[in-house]
Amino acid sequence: MGTSDHHQTDTDPDFTPSADQLVARNREFAATFADHDLQVRPLRRLAVVACMDSRMDTFALLGLGHGEAHIIRNAGGVVTDDVIRSLCLSQRALGTREIILVHHTDCGLHRVSEDTFKAELEAELGIKPWWALESFADPYADVRQSIKRLHHTPFVQHKDDIRGFVYDVRTGLLQEVTLDTNGN
Ligand SMILES: [Zn+2]
């Protein structure tokens, strides 16, 4: 930190890269691989948009099997332009018709100050991020915001089956979030 170039050169004694170990595990995985026949089009015609949180195994928590759904993940499970890009392809080219949003409790984006985060980046790097961090104060309100964005974009054409949930990282349970009759 604090050097003039942007590359992080500090060594962290508590960190060891995992890639070599994971490639070895992949060899074991491939030895019993049984998914040769899966089609590119998701069987349930479902796309899931979820936070990248490491505690959420999206397939497992929804009881999904391989090949059943698209899983689109980012920090927060936010409906960004890039998520809309993925959903547009998912619906138009790959036949999905249902969207499930999964945000969660104890999110890394929860209560981060967007302004402070951006000011720190600008002070440190000399460049202000051109993207929104999309931090939020309430995961339930954030799910509503995401549902509303899906209803507003023209690029997501199939909107009849959009459901939103907050996953509780302590219990493993989903709680549904719905819009009121005014769409809020
Ligand atoms: Zn999260």
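This report walks through the strands, helices and nonpolar core of a predicted model.

## Ground rules

Residue numbers start from 1 along each chain, following the written sequence. In this predicted model, local features need pLDDT of at least 70 and side-chain atom pairs count only at pLDDT 80 or more, while totals for chains, interfaces and linings use all residues.

## The sheet

Let's start with the strands. Five of them, in the order E2-E1-E3-E4-E5, form an open sheet with mixed pairing; strands are DSSP runs of at least two residues (E), helices of at least four (H or I), numbered from the N terminus. At the edges are E2 and E5 (174-177), each pairing on one side only; two strands pair if DSSP finds at least two bridges between them. From one strand to the next, the twist averages 25°.

E1 and E2 pair in the parallel sense over 6 bridges, and Leu 46 stands opposite Ala 69 in E2.

## Helices across the sheet

H3 lies across E1, E2 and E3, at about 170° to E2. H5 lies across E3, E4 and E5, at about 160° to E4. Angles run from 0 to 180 degrees between N-to-C directions, with axes fitted to C-alpha atoms, for helices over the stretch in contact.

## The core

The largest nonpolar core has 26 residues, and Ala 47, Val 48, Val 49, Leu 101 and Val 102 have the most contacts inside it. Its members are buried Ala, Val, Leu, Ile, Met, Phe, Trp, Tyr and Cys residues joined through C-beta atoms within 7 Å; buried means that 20 or more other C-beta atoms lie within 10 Å of the residue's own, with C-beta atoms placed from the backbone. E1 gives the largest share of this core, 5 residues.

Beyond its neighbours within four places in sequence, Val 49 is in contact (C-beta atoms, placed from the backbone, within 7 Å) with residues including Ile 72, Val 83 and Leu 101.

Definitions and conventions: Buried ≥ 20, exposed ≤ 12 C-beta atoms within 10 Å, placed from the backbone. Contact = placed C-beta atoms within 7 Å.
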